[in-house]
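Please read them with the structure open.

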Amino acid sequence: MALPAEAAARVPDPVGESPRAAACPDHFLDAFHDSVVQATAAPALLQHVCDSAVTRGGCHAAFIVSPNANVGWLAVEAAAGFQADHLGDIRFLAKEFPGDPWGWVARTWRNGSGSGPHDASAWPALKQHAPDATGIALAIRRRHAPTSVLVIWLSYGADAANALVTRLQRAAGLLGLALDKLQLEAERAASDQGARQAEEKYRAILDTIEDAYYEVDVRGKPIYHNAAFARMLGYERGETLSADNRVRQTPEMAARVFKAFNDVYLTGVARQNEEWEYLHKQGHRVQVEGSVQLVRDAHGRPVGFRGMLRDVTERRRIEATLRDSEARFRALTSISSDWYWEQDAEHRMVRMENRHAHTDAFQQTFLGKPIWESEITLYGDGDWAEHRARLDAHEPFRDLVMQGVLPGGKPYYVAVSGEPIVDEHGAFHGYRGVTREITAQKVAEAHVQHMAMHDSLTGLPNRAMFGHLLTLALHTAKRYDRQFAVLYLDLDRFKLINDTLGHSAGDDLLQEVSRRFREVLRASDAVARLGGDEFVVLLQEVSGADQVATVARKLLSATLKPFELMGHECRVTASIGAALYPAHGADEHLLLKHADAAMYHAKAQGKNNFQLFDETLDGHSLERLTLETGLRRAMEREEMALQYQAKLDLRTGRINGVEALLRWNHAQLGNVPPATFIPIAEETGLIVPIGKWVLRTACAQAMAWRRQGLPDLHIAVNMSARQFHDPQLLSDLEAILAETGLPPQLLELEITEGVIIQNVDQAIRLLTSMKQLGLRIAIDDFGTGYSSLGQLKHFPVDTLKVDRSFVRDLATNTDDQAITTAIIAMGRTLSLTVVAEGVETEAQEHFLRENACDEMQGFYFSKPVDADTFAGLLKGQTPRPVESGP
């Protein structure tokens with residue numbers, strides 16, 4: 001329905017929205033079509049549609065929403081009219097839920113159809129401003145799927161709105177087509193730009209290479225050549241070459257090149273290492289090695305050729321000189337080895353000369369017969385048939401390796417070279433050549449090979465050799481349906497002997513243990529040393545678990561016998577785990593893994609015993625054994641790493657501290673949560689060396705940041721109960737600070753409240769000693785123990801960390817709010833810094849700031865990151881304006 005011109009005049013809106021026209025749908029639709037036709041960019045088009053609805057169509061408001069990256073809700077992309085600047089405060093869910101007043105917007109996006117009219121109850125502010133406002137939602141479809149929703153609030157009733165729905169739906173469809181068109185144009189422009197850039201990059205690369213590059217059409221007319229092509233022929237960059245490359249070749253060479261190109265054209269097979277000549281600008285010939293390849297268009301039709309050319313003029317001159325030199329000195333270089341020999345036409349050895357007199361008897365064993373009738377053999381996989389075929393073909397040979405045994409039983413190796421003897425008429429008369437002894441070289445190679453596959457201390461096979469033996473055993477067992485067993489052995493008290501009597505005594509022990517193991521086992525079995533005090537045994541062809549247990553008892557008995565070391569009688573025990581093929585694994589990895597797990601199960605059973613892998617072990621026990629096994633090797637395998645989580649000053653908004661957090665990336669299990677492996681490390685005592693590594697690594701990283709010019713920060717490191725009670729803790733701290741150079745006041749040790757209150761007097765003495773070193777002390781997980789204000793004031797600490805269990809529901813749980821407020825007040829009373837852990841929401845941060853908490857850390861500000869990423873956070877941080885506390 002058209003309105004009078006007077007009603008279409010723009011009038012200001014008293015609530016602060018953009019000036020709008022009186023209701024005129026026709027004007028709006030005209031403007032809508034104009035926007036679609038004139039649009040050059042999607043954002044501008046969407047905004048213009050919203051503006052037209054208000055300024056030309058007299059609508060109260062218009063806005064367009066689209067799903068955000070997480071498709072959790074619909075975000076406003078363009079808006080005009082009533083409270084357009086505040087529409088971002090309204091959350092439009094992407095899925096319709098009962099009770100959601102805006103559910104019809106989500107339904108429109110989901111269904112891809114229109115919805116309405118609706119009254120303004122979903123928007124109380126608009127309803128108060130314009131009680132008669134009527135809302136319509138229109139799906140904007142792009143590439144046949146709804147991607148956005150246009151919401152229009154009309155200024156006339158539902159009946160009139162109903163009459164407009166069909167027209168507006170067609171307009172929304174046109175809008176979707178326009179957006180598709182803009183997207184296609186943008187993609188086409190990007191593709192064209194990419195093609196131009198790729199071509200420019202391609203040409204630039206070709207101009208930087210040293211070899212000449214050319215492109216010609218199917219008639220041989222040059223299309224492109226790089227700078228190296230011009231330089232090769234004596235032309236300056238930019239100087240025009242002739243329109244045909246054939247003018248730069250002799251007629252004979254041009255015909256040869258044409259034939260090569262024609263063959264490539266007919267067969268489609270590229271040609272390499274073609275030897276051609278070109279004429280230099282100065283007239284001399286340039287010898288080149290060239291290639292040619294057929295170029296086809298998108299339809300597979302030949303359109304030209306391309307290839308590379310390399311100037312080999314100088315190389316050819318040098319090769320000619322070398323050939324001449326080789327011909328003149330061939331006789332001299334051919335007899336420079338230890339032996340000179342000759343064979344007749346029947347390949348019988350007729351002459352052997354050597355400067356060593358003691359070889360006469362040895363030479364007599366070869367004279368008068370072909371070499372293959374002697375006791376000498378070919379080395380490696382070669383056979384005499386192949387060599388005889390070469391001799392019959394009168395071909396020369398070089399460095400043919402042969403092996404034999406001297407009369408005294410000593411092995412020897414020789415490298416033999418020979419060439420046929422031909423007279424001036426071409427008649428063959430036999431062979432002559434030289435032989436060079438390479439015994440020392442071959443013995444050294446054999447020694448290197450042995451060392452690569454055997455343990456240098458015990459002479460036993462090493463891990464690599466055992467892997468080969470186990471692979472062979474698997475193939476044999478599968479082929480003949482046999483059983484075998486893998487035993488994993490670990491000496492229980494080896495570290496004590498090594499630490500007490502020294503490494504020399506430890507080496508003697510390992511050698512003696514290896515000798516005893518070999519004596520116990522059969523000749524067909526194998527024992528290998530994997531490293532340290534770990535051994536592994538392969539029992540071939542076993543009848544079952546009983547036989548394996550019998551062998552294991554023999555090994556335990558052999559280990560238990562006393563050892564005489566450095567004048568002391570010493571005893572060690574062993575823990576043995578075993579896995580059977582195929583019952584406990586059908587491949588190398590599973591068998592070793594299960595035997596290893598069984599061995600650690602034996603250790604858990606009190607050591608000095610044997611355990612067979614048991615499939616009935618519950619998953620938790622097996623996982624525990626696997627984790628403990630991996631944890632013991634995690635340090636040497638460099639699987640441990642540190643990540644760093646920032647602490648944020650809630651007043652300044654700047655990072656003023658960082659906590660070092662331990663991470664374990666297991667080779668098979670992947671990332672193992674700290675909550676899983678820390679208790680195991682604590683129980684086994686591994687937490688002490690691990691904790692020492694964490695301290696050293698964190699301090700070294702803090703110093704690295706200082707050297708980069710980054711601001712000084714307190715770096716916090718967690719201290720476990722086992723570490724806290726370690727007698728070497730203070731000396732370790734002093735040594736690490738001295739080694740890394742970190743000022744002690746920048747290191748903060750975090751100790752849980754529960755650890756401190758176990759023995760208050762001892763804790764106070766130890767904490768006081770730490771403070772005397774200049775360190776900062778923080779009580780971690782505060783609030784979960786039972787320390788009182790009276791106790792707390794006696795502890796020489798600097799920081800209280802509010803446990804994350806109180807922060808989790810801080811925005812809604814009044815008990816958590818009361819506890820957190822009390823901890824903050826307690827910290828302020830004692831002049832301590834209070835840090836809240838586990839902050840993940842804006843509401844939690846707001847509560848903490850309002851209650852004057854000093855610092856926070858958590859995912860809301862920063863997750864734990866690696867050292868380089870954390871350095872980037874420090875460099876890019878922007879301080880928040882200081883807000884006054886309560």
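1. **A term before the salt bridges.** A salt bridge here is a side-chain nitrogen of Lys or Arg within 4 Å of a carboxyl oxygen of Asp or Glu. Glutamate 96 has 38% relative accessibility and counts as partly exposed. Arginine 107, at 31%, is partly exposed too. Keep in mind that this is a predicted model.

2. **Overall make-up.** The protein has 886 residues, and 45% of them count as buried. There are 28 helices and 33 strands. Take the contacts between residues at least 6 apart in sequence: 59% of them join residues at least 24 apart.

3. In what order do the strands of the open sheet run? The order is 3-2-1-6-5-4, and the pairing is antiparallel. Strand 3 (92-93) and strand 4 (115-118) stand at the edges. Each has a single partner strand, so one side of each has no neighbour in the sheet. Strand 1 (residues 61-67) pairs with strand 2 (residues 73-81) over seven bridges, in the antiparallel sense. Within that pair, serine 66 stands opposite alanine 75 of strand 2.

4. **Helices on the sheet.** Helix 2 (residues 42-55) lies across strand 1, strand 2 and strand 6 (145-154). It runs at about 50° to strand 2. Helix 3 (residues 103-111) also packs on the sheet. Helix 3 touches strand 1, strand 2, strand 3, strand 4, strand 5 (134-142) and strand 6. Its direction makes about 145° with that of strand 6.

5. **The nonpolar cores.** Which residues of the largest nonpolar core touch the most other members? They are Leu747, Met770 and Phe870, in a core of 76 residues. Helix 19 (residues 687-707) gives the largest share of this core, with nine residues. A second, separate core has 33 residues, among them Ala485, Ala505, Val548 and Leu556.

6. **Leucine 747 and leucine 775.** Set aside residues up to four places away in sequence. Leucine 747 then touches Leu695, Cys699, Ile715, Val717, Leu737, Leu742, Leu775 and Arg776. Leucine 775 lies in the loop between helix 23 (760-772) and strand 30 (776-782). Is leucine 775 buried or exposed? At 1% relative accessibility it counts as buried, because the cut-off is under 20%. Beyond four places in sequence, its contacts are Leu733, Leu737, Pro744, Leu747, Leu749, Met770 and Asp798. Leucine 775 and glutamate 748 are 27 residues apart in sequence, yet their C-alpha atoms are 6.0 Å apart.

7. **Further salt bridges.** The count comes to 40 salt bridges. One of them joins glutamate 289 and arginine 315, at 2.3 Å, N to O. Glutamate 289 lies in strand 10 (residues 285-296) and arginine 315 in helix 8 (residues 313-334), so the pair ties together parts that are 26 residues apart in sequence. Arginine 315 is partly exposed, at 34% relative accessibility.

8. Glutamate 837 and lysine 801 meet in a salt bridge at 3.4 Å, N to O. Glutamate 837 is in the loop between strand 32 (833-836) and helix 27 (842-850), and lysine 801 is in strand 31 (residues 799-802), so this pair ties together parts that are 36 residues apart in sequence. Both glutamate 837 and lysine 801 are buried. They belong to a network of salt bridges that links Lys647, Glu659, Glu748, Glu750, Arg776, Lys801 and Glu837.

9. **Cysteines.** How many disulfides does the structure hold? It holds zero. A disulfide is a covalent bond between the sulfur atoms of two cysteines. Cysteine 570 is buried, with a relative accessible area of 11%. Cysteine 853 is buried as well, at 4% relative accessibility.

Notes
Residues are numbered from 1 along each chain as its sequence is written. This is a predicted model: local features need pLDDT of at least 70, side-chain atom pairs count only at pLDDT 80 or more; totals for chains, interfaces and linings use all residues. Side-chain values use heavy atoms; hydrogens and water are left out. Two strands pair if DSSP finds at least two bridges between them. Helices (H or I, at least four residues) and strands (E, at least two) are DSSP runs, numbered from the N terminus. Contact means heavy atoms within 4.5 Å. Axes are lines fitted to C-alpha atoms, for helices over the stretch in contact, and angles run from 0 to 180 degrees between N-to-C directions. A nonpolar core is a set of buried Ala, Val, Leu, Ile, Met, Phe, Trp, Tyr and Cys residues joined through side-chain atoms within 4.5 Å. Buried means under 20% relative accessible area, exposed over 50%, partly exposed in between (1.4 Å probe, protein chains only). A disulfide is a pair of cysteine sulfur atoms within 2.5 Å.
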